[in-house]
Amino acid sequence: MEPYRYKLCLLIDDNFIDNFVTRKILETSNFAEQIVVIQSATEALAELQAKAIEPDVIFLDIRMPLMDGFEFLKQYDLLDLSGSKHPKIFMLSSSLDPVDFRLSNQNKYITQFIHKPITKKVLEAL
């Protein structure tokens, strides 16, 4: 069995089916020892601020109700995470909007934009 690539992976996405599929692929790829799924960007921010979770990697959906992925990133920038490691953040979306792609690539926190659904091949390339 391959060793895990990361200790903790956080998946922020409001879509139950997408989360189920993504989680299964992450698990079968030994991507992370622990996978935490949070269906709300505001809840994820609260958990990060409280340092209740300190992920190595975050997969962040763009299209979510109440707070989308880009608003999450604006609020993330305001968090006091001193002493915490900064995770790699991958924007995960089914969006084909070139504006979403451009905004993701311009954001200092985004490591890469990934189209849903995520695949084992994509994970291996990260």
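Trainee: On what basis are the residues and values reported?

Mentor: Residues are numbered from 1 along each chain as its sequence is written, and side-chain values use heavy atoms, with hydrogens and water left out. As the model is predicted, local features need pLDDT of at least 70 and side-chain atom pairs count only at pLDDT 80 or more, while totals for chains, interfaces and linings use all residues.

Trainee: Which residues of helix α3 are buried?

Mentor: Helices (H or I, at least four residues) and strands (E, at least two) are DSSP runs, numbered from the N terminus. Buried means under 20% relative accessible area, exposed over 50%, and partly exposed in between (1.4 Å probe, protein chains only). In α3, residues 69–78, the buried residues are Gly69, Phe70, Phe72, Leu73 and Tyr76.

Trainee: Why do the buried residues of α3 line one face of the helix?

Mentor: The arc is that of the directions from the helix axis to the C-beta atoms. The face turned away from the buried side of α3 carries the exposed residues Lys74 and Leu78. Seen down the axis of α3, the buried residues line one face because they fall within an arc of 150°.

Trainee: Which residue caps the N-terminal end of α3?

Mentor: A polar contact is a pair of N or O atoms within 3.5 Å; within protein, one must be able to donate a hydrogen and the other to accept it, and residues adjacent in sequence count only if both atoms are side-chain atoms. Here a side-chain oxygen lies 3.1 Å from the backbone nitrogen of Phe70, and the capping residue is Asp68.

Trainee: Which residue in β4 stands opposite Phe59?

Mentor: Two strands pair if DSSP finds at least two bridges between them. β3 and β4 run parallel and are joined by 5 bridges. Opposite Phe59, the residue in β4 is Phe90.

Trainee: Which residue of β3 is the bridge partner of Leu11?

Mentor: β1 and β3 pair in the parallel sense over 4 bridges. Within β3, Val57, Phe59 and Asp61 point one way and Ile58 and Leu60 the other, and all are buried. The bridge partner of Leu11 is Phe59.

Trainee: Why is β1 largely enclosed by the rest of the structure, and how many of its residues are buried?

Mentor: Strand β1 is joined to β2, residues 32–38, by 6 bridges, and the two run parallel. Leu8 stands opposite Gln34 in β2. β1 is largely enclosed because the number of its 7 residues that are buried is 6.
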